[in-house]
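Reader: I would like to go through this model label by label. Please show it first, then tell me what stands behind each term.

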Amino acid sequence: MPHQDQDTSLRHRLGRTLRTPTGVTALTACLLVALVAVFGPVLLGDQAARIDTDAINRGSSAAHLLGTDQLGRDIAARVVVATRLTLRLTLLAAVIGVGGGLLLGVAPAVVGRRLGRLITATVGVLVAFPGLLFLLFLATIFGVGSTGAVFAVGLAMVPPMARLVQNLTASIAGSDYVAAARILGVGRFKLVVRHLLPNIAEPSVLFATQAAGGILVAFSGLSFLGLGVQPPEYDWGRLLNEQLNRIYVNPVAALAPGAAVVLTGLMFGLVGEVLAQAGGRRAPQAREATPQQVKPQDETAPDGDGGALVRARDLRVTFPGGRRAVRGISLSIGVGEAVGLVGESGSGKSLTALALADLVPHPGRVCAGTLRFDGHDLRADPRLGTELAMVFQDPMASLNPALRVGRQLAEVAEVHLGATRAQATARAVDRLGAVRIPLPERRARQRPHEYSGGMRQRAVIAMGLMGEPKLIVADEPTTALDVAVQQQVLDLLAEVREDSGAALLLISHDLAVVAQVCERVLVMYGGLIVEDLPVAQLVGGAAHPYTRALVGAVPTMATDPGNELATIPGRPPEPGEAGAGCPFAPRCERARKRCHDDAPELAGFRPGRQVACWYPVDAVTAVAPAQATSHRAEATS
């Protein structure tokens, strides 16, 4: 079973880590301290409490290894006996600090935005306050004694722990698999337990164990100042206070409690390192947090689909400040059709795909006159995970590094198909085999970091196939792969289409990839579709100057290596820079005054083709742009 396999793997890694020098040292120190804490008071309790007026303030001797105190009690026995109380109070304070820090740390990711900001601001103020003053303030509030010291030290640890967890959680909350979990309807508690906490476990454990050493020092400091443990009880801090005035007479007696504090603090650090190594994961890199998506607010009644699987009319994606990333495009994808979406970075390709999948990040807003998929309004009934599959550019952002690949695939079948755990696991193995991952049963029990780049991309495609997809949206699925693996992924997408009959929307900046896989190409520029043409006419038959410029910038085997590659002068417009005219006009050699004043609409140019250009290029009028208007009028009519 997956949980049993996970436990077995964890035990294996822990056993392997304990055989390293760090593991052996940490294990030996823990066993020694545990034995002293458990058996010390039983074996030496009477000796530590025995008062001998004839042996007051004696130095080190065979009878008294560290000497005696002002009442003749054996100092070595008292240091040993104090181990239990010191560790117990330290661990209690650590539980308070870690528990409170985790609660405040993950809260902003799951509560409302206003409350989350309030919690974050409060934690920021407390972290900015000097830690020692804050500790003394809390100690004054809770009063003198061990109970007050436990709460003071524990609560003083909460702000730094919460700040760390907030930063780590923010880096995870922006991941695609967390967004997908929200869309799947995963509850807040399960989202925290399954997706957030496992991915911040390693740095959190390291911080908690190292903070435990700091708690030990802080607690001993309070007892040293007389604010912690009170007589007749004693811990290492109180023993240090009692013997400090004799440090020049009997330095061993004064240094022994301090040495116990330092060595035990080092032990906590070693334990954290061992647990982190046994976890087998590195802390995830920080990435900008992406809050939950905002549902589109446009309520325009949809029109007919006209037999298309996907139909979008006047699709817009806007951001605050008047930034229009997608500026009212219309597109359709037929059943089983492969359509390529190409253009420069920032042209709006990925946001168009994300709008279809209802994954546009906040504060983006999606509006459309029509946004339909297989007869359903995508705004009211998103189909991601069942009939619509999304393949992202970076599979590591789509796969939870803390979960096994098979478990992540199985979750799709459990949530969307109502499958049992066993059925979902079996389907996950079957889908991994379907995308030609060798030994799928064994691979299903592995985590994403154990896969190669090509295998991770295959696993993401398999995740999309867990349902019965009618459309696969692939957002530059081959960008991060080498040429050989790119070909394998492209062949796999072609096989998936052939086997399932699914349509494909392939987003890419590589025209060669699009020409190999797709049947039709949509060219985007400045948030608009500027040309729609068959792949066969992409090279040599493009009508829009931008499309021809893209094709001309791609070298071929016949390109003279002595010639400079063709480039497009200038830069593409930012989302908020588009003017009234054609967005490509500032970079177009064929631009006229009309191009700068009026924006052309996407209209028919030849059978099965559309172009948004006042002066399109064709085989007849390539050198006579003034005549292109009449040709376009004829084609449109």
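Author: A helix here is a DSSP run of H or I, at least four residues long. V38 has its place in one of these, helix α2. Keep in mind that the model is predicted.

Reader: Why is V38 called partly exposed?

Author: Its relative accessibility is 45%. Buried needs a value under 20%, and exposed needs one over 50%. V38 falls in between, so it counts as partly exposed.

Reader: What makes R73 buried?

Author: Its relative accessible area is 15%. The cut-off is under 20%, so R73 is buried. R73 sits in a loop, between α2 (21–49) and α3 (75–110).

Reader: Which residues is R73 in contact with, leaving aside its neighbours within four places in sequence?

Author: A48, A49, R50, I51, G67, T68 and R78. Each has heavy atoms within 4.5 Å of R73, because that is what contact means here.

Reader: What makes strand β8 mostly covered?

Author: 5 of its 5 residues are buried, across 471–475. L471, V473 and D475 point one way, while I472 and A474 point the other way. Both groups are buried. In a regular strand, side chains alternate between the two faces of the sheet.

Reader: How do you know that β8 pairs with strand β7?

Author: Count the bridges. Pairing requires at least two, and β7 (388–391) and β8 have 4, so they pair. The sense is parallel. M390 has V473 in β8 as its bridge partner.

Reader: How many bridges join β8 to strand β9?

Author: 5 bridges, with the strands running parallel. D475 stands opposite I507 in β9. Strand β3 (338–342) is also joined to β9, by 4 bridges and in parallel. There, G340 has L506 as its bridge partner.

Reader: What is the order of the open sheet?

Author: β7-β8-β9-β3-β10-β11-β13-β12, which makes 8 strands with mixed pairing.

Reader: Why do β7 and β12 stand at the edges?

Author: Each has a single partner strand, so one side of each is left without a neighbour in the sheet.

Reader: Which residues of the largest nonpolar core touch the most other members?

Author: L409, L432, I461, I472, V521, V523 and Y546, out of 64 residues. A second, separate core of 38 residues includes V339, V360, A368 and L371. I472 also belongs to β8. Beyond its sequence neighbours within four places, I472 is in contact with A389, V391, L465, V496, A502, A503, L504 and L505.

Reader: How many helices and strands are in the chain, and what share of its residues is buried?

Author: There are 23 helices and 13 strands. Buried residues make up 49% of the 637 in the chain. The chain exposes about 29600 Å², with carbon and sulfur atoms supplying 60% of it.

Definitions and conventions:
Residues are numbered from 1 along each chain as its sequence is written. This is a predicted model: local features need pLDDT of at least 70, side-chain atom pairs count only at pLDDT 80 or more; totals for chains, interfaces and linings use all residues. Side-chain values use heavy atoms; hydrogens and water are left out. Buried means under 20% relative accessible area, exposed over 50%, partly exposed in between (1.4 Å probe, protein chains only). A nonpolar core is a set of buried Ala, Val, Leu, Ile, Met, Phe, Trp, Tyr and Cys residues joined through side-chain atoms within 4.5 Å. Accessible areas come from the Shrake-Rupley method with a 1.4 Å probe; for residues, only the protein chains shown count as cover.
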